[in-house]
Structure formats: C-alpha cells, structure tokens
Amino acid sequence: MTETTERPQDEATADLAESASDASLERTRLRSAEIEREIATDATGFRVLTGDRPTGNLHLGHYFGTLANRVRLQDAGVETFVVVADYQVITDRDGVGPLRERVMSLLADYLAIGLDPARTTIFTHSAVPALNQLMLPFLSLVTDAELRRNPTVKAELEATEGRPMSGLLLTYPVHQAADILFCRANLVPVGKDQLPHLEQARLIAQRFDTRYGRVDEAQPVFPRSEALLSEATSVLGTDGHKMSKSRNNTIELGMDADTTAKRLKKAVTDSER
C-alpha cells in the first residue's frame with residue numbers, strides 16, 4: 001500500500017495565493033496592453049498621475065525606468081500630472097536635507113528631458129493643502145492590518161532593523177492614494193511591485209463611495225484608476241548593481257561631460273563577454 005502525505009495547510013494556502021496573484025498580474029498585463037492601444041488611437045480619455053520624492057538628483061535609472069515614459073505619454077496627448085512628493089521625504093528619515101535645492105533640481109531635470117509645463121501639470125505636496133487633507137477621511141477607510149500587509153511598508157519595516165516605524169511611513173500607501181484620487185487620475189504607470197499601492201487606492205475610492213455617498217448616483221466620487229504596467233529593464237550602476245542613489249553608483253542626468261566620463265571609466269565591465 002502506498003503511503004500518502006498531506007501537504008501542510010499553510011503551504012497549500014500559500015500556493016493558492018501565489019496562483020491567484022499570478023492570474024491577477026496576467027490580467028493586468030493584458031489590460032495594460034489594451035490601454036496602450038487605446039492611447040495610440042485616442043489619448044484624450046486618460047489622465048495620468050506619477051511623481052518622485054526629492055531625495056537626491058535623478059539619474060539614468062530614473063530616465064529609462066520612468067521619465068522617458070512620462071514624456072512619451074505627454075507627447076501622445078495624455079493629460080499628465082507629476083507630483084514632487086516633498087512631504088514624503090520625511091516618511092523614512094529624520095531630516096529633509098537641502099529640500100528646496102532638491103525640488104528645484106528635480107524640476108530642472110523634468111524640463112531638460114522634455115516635460116512641458118504647458119501640457120504637464122507639475123506640483124509639490126506642500127503647495128496643495130487640499131491634497132493632504134484627504135488623508136483624514138481616507139485613513140478612516142483602512143485598517144492597521146491592511147497597511148502593515150502592504151509590501152512596501154513591510155520592506156521598509158524590515159530595513160529599519162528594529163527601529164520604530166513612524167506613523168507617516170505606516171500610512172504612506174494612503175498618502176499615495178490621496179495623490180492619485182485628488183488628481184482624479186484614471187491611469188497610473190507602475191511596476192508590478194507597486195500594484196498593491198494602486199489596489200489600495202482603488203479600495204479607498206470604493207469605500208469612500210459606500211460610506212460617504214455620491215453627489216451623482218451615476219458617477220463615483222473618485223475614478224477607479226488602472227495600471228499602465230511598466231516592463232522597464234533594470235539599469236545597472238557603475239558597480240554592476242542596480243543603479244541607486246543609496247549605492248552611490250549613479251550617472252546623474254545633470255552631470256557635466258567630464259564628471260560623466262570619470263564615472264564611466266571607473267565602472268565595472270563585463271569580463272566574460
């Protein structure tokens with residue numbers, strides 16, 4: 001007689017969750033491709049929200065990862081909003097550094113790559129108090145457990161190595177939802193690791209309707225934003241690892257020719273080509 005061994009319940013549950021996640025990602029990819037076709041035909045029905053934290057100078061990883069795509073969408077006729085998330089600088093650090101200079105540097109890089117203020121709205125968190133006021137009703141629509149399950153929050157908590165997590169870091173996904181919903185964006189360019197943030201925003205929009213009601217019964221208060229999935233290739237830095245400000249391995253967009261040449265001369269090369 002052959003002996004059978006049942007798999008542990010938690011392992012089977014994990015497999016089911018992974019399978020559901022894979023199916024959801026595939027649906028997102030298919031819908032994203034469909035949206036790209038719609039943009040190519042008529043982009044006027046879309047409004048995009050994206051942005052950056054002003055924590056340092058932008059580099060080639062940013063350009064190939066997100067910035068070039070923003071210019072593409074702008075030029076295709078998509079209404080584009082870009083937030084300089086200055087308030088979010090303090091989510092995971094004790095000080096803000098030379099914040100004004102970094103905001104201005106970010107803006108200069110945006111203009112240099114081709115974002116056009118006549119077609120793209122660029123703003124800072126601190127300049128629009130009404131956006132941040134949305135945090136109050138939105139926080140009433142989420143639970144502590146939901147926030148702690150967010151992959152970004154979990155990763156940041158692990159990275160602190162036991163250091164207490166600030167309330168602002170815990171509620172970071174809600175602030176992102178406020179960005180998206182305040183602008184009434186119906187399209188958000190994201191990588192697959194950022195999909196949980198977008199899902200949180202969609203959930204908040206749905207719960208807002210349920211709890212507080214609609215002015216027009218036929219229209220939700222906030223649109224349900226969809227993902228424009230990015231498949232950008234990771235850009236390697238001068239040390240052969242992913243380009244990152246924290247690793248000091250970047251080629252910054254604003255570097256002059258001599259500094260760029262010096263950085264490239266020190267870069268790790270592929271010895272097995």
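Which residues are buried in α3? They are Val103, Leu106, Asp109, Tyr110 and Ile113, where buried means under 20% relative accessible area, exposed over 50% and partly exposed in between, with a 1.4 Å probe and protein chains only. The model is a predicted one, in which local features need pLDDT of at least 70 and side-chain atom pairs count only at pLDDT 80 or more, while totals for chains, interfaces and linings use all residues. Residues are numbered from 1 along each chain as its sequence is written, and side-chain values use heavy atoms, with hydrogens and water left out.

**Helix α3**

- Seen down the axis of α3, the buried residues fall within an arc of 125°, so they line one face of the helix; the arc is that of the directions from the helix axis to the C-beta atoms.
- The cover over these buried residues includes β1 (47–52), α2 (60–76), β2 (79–84) and β3 (120–124), with contact meaning heavy atoms within 4.5 Å; helices (H or I, at least four residues) and strands (E, at least two) are DSSP runs, numbered from the N terminus.
- On the face of α3 turned away from its buried side are the exposed residues Arg100, Glu101 and Ala112.
- Leucine 111, which belongs to helix α3 (residues 99–113), is partly exposed with a relative accessible area of 43%.

**Positive phi angles**

- Arginine 184, in the loop between α9 (172–182) and β4 (187–190), has a positive phi near 55° although it is a residue other than glycine, and it counts as partly exposed at 40% relative accessibility.
- Asparagine 248, also not a glycine, has a positive phi of about 55° and lies in the loop between β5 (226–229) and α11 (257–265), where it counts as exposed at 58% relative accessibility.

**Salt bridges**

- The whole structure holds 14 salt bridges, each being a side-chain nitrogen of Lys or Arg within 4 Å of a carboxyl oxygen of Asp or Glu.
- Glutamate 146 and arginine 207 meet through their side chains in a salt bridge (2.7 Å, N to O). Glutamate 146 lies in helix α6 (residues 144–149) and arginine 207 in helix α10 (residues 195–212), so the pair ties together parts that are 61 residues apart in sequence.
- Arginine 214 forms a salt bridge with aspartate 209, their closest N and O atoms being 2.9 Å apart; aspartate 209 counts as buried at 9% relative accessibility, whereas arginine 214 is partly exposed at 30%.
- A network of salt bridges links Arg31, Glu34, Glu38 and Glu226.
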